[in-house]
Amino acid sequence: MAPLLTACGGGAAKKAGANTKEGLKAALPAHVPNANAVKPDIASVQGGPDAATDPAYLSYPVSPPASVSGVPGKGGSYTAVTPLWGTNPPAGNSFFQAMNKALGVELTVKPADGNTYDTIVPTMTAAKKLPDWINLPAWWNAKFNTGALVGSQLADLTPYLSGDNIKKYPNLAALPTGAWQNGVWGDKLYGIPCFSTSFGIPGATFYRRDILEARGITADQVKSADDLMNLGKELTDAKRGVWAFDDVWTYLQFSWGVPMNWKVDNGKLVHPFETQEFLEALDWHHRLATAGYMHPDALAGDNANGSTRFYSGKALIGGGGLGAWNLADHQSGTAADPNYRRGALNAITAGGKGTPVIYMGASASMISYLNADLKPAQIEELLAVANYLAAPYGTAEYTLVNFGVEGVHHTRVNGVPTFTDEGKKDVQATAFPFLAASASVISNPGGDQVTKDYAAWSAANVKYLTKPPFWGMNFTMPQAIASASAAQSVNDTIKDCYHGKKKVSEVQDAISGWRSGPGDRLKQWMTDNVLDKYGTGQ
């Protein structure tokens, strides 16, 4: 989950306030579905407000259609910085040359080490030496002090993109409204969303579908916490080195009605730690661990090898982010077991009655910004470039951005764009999409079953997606309050409890200590500075 807060250390720094309901509405771009998008094999399914499944594709278009006419740029020269987790491609390589020719600008992309990006960017902002275009991942807003950068070092894009203004850029207009909200600060739009989705949920409880179904167990049979505990007993065979569960607390806790971050009761803020539902969820997880149904390595805190335990069938049920459900996972799983098939349990309520809730996370966590020193004509030129980069899945522009030039950087293998040796060396898949990108789709060429399974699960659960209080609200939080929100000592005790090492009463003691100081300060600050001034955002 990307936090939608930014901490501000210095009191003298300019701070952007949260968004008012009216101001946010005025700043957001109009949403216009893209007429040039390739028709999906499995259409998107609408849920509640700002909630929908990603469309799914079982094949790549034979003849990718164009979504942009002409060359977007006018010959300008710009610099860009994006985080890179991987190998830095050679500067000025054939892929970058092809991109600049297609974009009509000289855009020098300088990927920076993603592992130290949170220290690299503050150095640039302190010296006021930002590039023309930069990606600022939302989960580092606190370290970047993004709320103080907007309007000072980062350009206000409201005049160019708000309302119908965005219709000048059809590919950007097709991005989900909720994703644009993550780039709005103080009733003004600054950020361009990358990798946006209307199905932005934290994760799911996965299971080895092949193994459970071979024993006659299907996901629709699991409807309550008791059902899960019974699975623990049925599936665990310690003598064979098989345990039913890996860690499941992170995403499963919401089945008890535990709020995500906050709930509002009779106009008052209530923290999850203060709820009976939280204690009941923790008690169940503690009993799960002490019953011997969790893998010993998980109990010892070994998260690094969770995938290995899952692939090998040593742990059959575990929580994880939805990014795990893809072709690479399928290939790794079938390498360990030819029958491997990942599944996810549907949302449940602990008691098996009532309507489950899946809390929505950010619709976009990767946000790019333009430099405030750019002139209006330069901003318009880069927005035209962003419109090219945001071309929908399967279009000619999308193909170039993600796979390079056909015959040079990729060839078609069974209809799927596949990198050549030069493509593997030069095409950095996150360089340009970290500046702007199309909305997410479900696509696993060569792994149709993965796509069908993920799409079917999404369609079955999208109706449960619910916005938590303060969803998509950007606001500046003082560093001391951000530390109180992190509640590190309490969370360490919670982890020990759901691993069976500490009792629920010990967590209650830790919470009592936290509430009497940091917790009270956090709640008071949130009440005074967010709830009373701006409401919950719902």
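I count two residues as in contact when they have heavy atoms within 4.5 Å. The model I am reading is predicted.

**Entry: a residue and its contacts**

I looked up Asn-461 and found it in helix 19. Is Asn-461 buried or exposed? Its relative accessible area is 0%. Buried means under 20%, so I wrote down Asn-461 as buried. Next I asked which residues Asn-461 touches, leaving aside neighbours within four places in sequence. I noted Asn-346, Ala-347 and Ile-358.

**Entry: the helix**

I then checked the length of helix 19, which covers residues 448-461. The helix has 14 residues, and at 1.5 Å a residue they should span 20 Å. I read off 20 Å between the end C-alpha atoms, so the two values agree. I also listed the buried residues of helix 19. Among them are Val-450, Asp-453, Tyr-454, Trp-457 and Asn-461. A reminder to myself: an α-helix has 3.6 residues a turn, so residues three or four places apart point the same way.

In what order do the five strands of the open sheet lie? I wrote down 4-3-5-16-8, with mixed pairing. At the edges I found strand 4 (106-113) and strand 8 (192-194), each pairing on one side only. From one strand to the next, the twist averages 20°.

I picked strand 5 (residues 133-135) and strand 16 (residues 366-370). They run antiparallel, and three bridges join them. Which residue of strand 16 stands opposite Trp-133? I found Leu-370 there.

Methods: Residues numbered from 1 in each chain as written. Predicted model: local features only at pLDDT ≥ 70, side-chain atom pairs only at ≥ 80, totals over all residues. Heavy atoms only, no water. Pairing = 2+ DSSP bridges. Helix = DSSP H or I, 4+ residues; strand = E, 2+ residues; numbered from the N terminus. Axes fitted to C-alpha atoms, helices over the stretch in contact; angles between N-to-C directions. Expected span 1.5 Å × (residues − 1). Buried < 20%, exposed > 50% of the residue type's maximum accessible area, 1.4 Å probe, protein only.
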